[in-house]
Amino acid sequence: MKKYLSRLLCLILGFGMLMMANTATAGIQDKFDLPEPYLSWEKSYLKEFPDLQKFLEIMITTTAAQLQNPSEDILHNRVCSALAYEMSKGFPPEKRKLAIATDILHNIAKEEKSAVLTDPQVFKQATEMVSELKKAGYFRASPDFWGDAQILLNTKVGGNRALGHHITGALKAGQIAKQIGGISEKEIQEMQAAIIEHSTGYWYFRDSVDKAVGKKGAWQVVFPEPASEISKIAHDADLISQFVPESVVPDGSKWRELAKKRWGAKNTKEEGHIVYYVFFRLFEEAKTKKGKEMAREKWEKIQPELMKLMNLEPGQDPIKVLGVPAVFQ
């Protein structure tokens, strides 16, 4: 009997320890869906770098406060950080941790209504940050960046959160990193520079700046080219994350909603046509070898589904059959 009770006690203690371990690893992110393989990658990086749970929690609570339905944005940021973990294999541990933290926070100010460059205080803080980063040696590959205040303060540029979120996001990410602690000033600057450089791959952002200002190449004042390893990972992870089928194909998904609300699609066929064209051009933007490989893999999955939305047969060329969507002509 004593032997039985001893074994029972061991089982109870073991089960209790297991429950405690599961509770300890549970996080705020668990109530939001994340498809594989991103969920496994996220669990792996949190096991390797437990401090990143703090970054994840701040990203999720901030996004939830900014948006009525934050699920898509939280999904995007978590996919990006998981991709950064996968793409940074071979990096030293601290550099890898920084790459993941960068992608967790890269969109942190995108939906913050007051985070616009046309706000004098925000512009002042942004100018001070960019000046410090330039002194530290960043943005040498982009000499025109931040060189024309008239372009930056154009209401269609500086007043547009989508076109300025890389700047305001870098500001907020720096504040968060200092608040959490454990990251040096040099690492914070590297993170800020990477967030600032992550948006260059979006051709429609570049076109929007040129159109707003009425000057070809004006975008170079707003978007610097990715230069560091972490910047290129932030850029490519953000790019590849857009190709997640759950965000592209289903009715009501992020990209089909953008096709309707941002680019004026009136029906399913137009949604498919616009999304196809956007992704057809995004596909060529990856900066790293790994990024190009992953973009191709994802494109081969979503391309047939977009063809179905357009009622086209496999092998047909949507651009030849339907032309360039009117909004992009």
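Helices α3 (52-66) and α4 (71-87) each contribute at least two residues to the lining of the largest cavity. Helices here are DSSP runs (H or I, at least four residues), numbered from the N terminus. A cavity is a set of points, on a 1 Å grid over the protein atoms alone, where a 1.4 Å probe fits but cannot get out, and lining residues have an atom within 4 Å of a point. The model is predicted, with local features requiring pLDDT of at least 70 and side-chain atom pairs counted only at pLDDT 80 or more, whereas totals for chains, interfaces and linings use all residues. Residues are numbered from 1 along each chain as its sequence is written, and side-chain values use heavy atoms, with hydrogens and water left out.

Rolling a probe the size of a water molecule over the atoms shows where empty space is left. In this structure, 3 cavities of 30 Å³ or more are present. Ala, Val, Leu, Ile, Met, Phe, Trp, Tyr, Cys and Pro count as nonpolar, Asp, Glu, Lys and Arg as charged, and the others, Gly among them, as polar.

Pockets were also identified, a pocket being an open set of points with protein on both sides within 12 Å along at least five of seven lines. The largest pocket has a volume of about 770 Å³. It is lined by 26 residues, of which Asp73, Glu111, Lys254, Leu258 and Arg262 are the closest to its centre. Two or more lining residues come from each of α4, α8 (161-180), α10 (203-213) and α13 (254-261). The greatest contribution is that of α13, with 5 residues. The lining of the largest pocket contains 7 nonpolar, 9 polar and 10 charged residues.

The second largest pocket holds about 430 Å³ of space. Among its 15 lining residues, Tyr204, Ser208, Lys211, Trp263 and Phe328 are the closest to the centre. Helices α8 and α10 are the elements that give two or more residues to this lining, and α10 supplies the largest share, 7 residues. The lining of the second largest pocket has 9 nonpolar, 3 polar and 3 charged residues.

Individual buried residues were then examined. Phe123 lies in helix α6 (residues 120-135) and counts as buried because its relative accessibility is 15%. Buried denotes under 20% relative accessible area, exposed over 50%, and partly exposed in between (1.4 Å probe, protein chains only). Apart from neighbours within four places in sequence, Phe123 is in contact (heavy atoms within 4.5 Å) with Leu117, Trp146, Ala149, Leu152 and Leu153. Phe123 and Leu152 are separated by 29 residues in sequence and by 8.9 Å in space, C-alpha to C-alpha.

Gln189, in helix α9 (residues 185-197), is likewise classed as buried, at 16% relative accessibility. With residues up to four places away in sequence not counted, Gln189 touches Glu132, Leu133, Ala136 and Tyr138.

Lys298 belongs to helix α15 (residues 289-309). Lys298 is buried but has no salt bridge, and the nearest side chain of opposite charge, that of Glu297, is 4.8 Å away. A salt bridge requires a side-chain nitrogen of Lys or Arg within 4 Å of a carboxyl oxygen of Asp or Glu; Lys and Arg count as positive and Asp and Glu as negative, while His and the chain ends are not counted. Beyond residues up to four places away in sequence, Lys298 touches Tyr38, Ile240 and Phe243.

Note on methods
Grid points are joined across faces, edges and corners, and a volume is the space filled by probe spheres set on the points.
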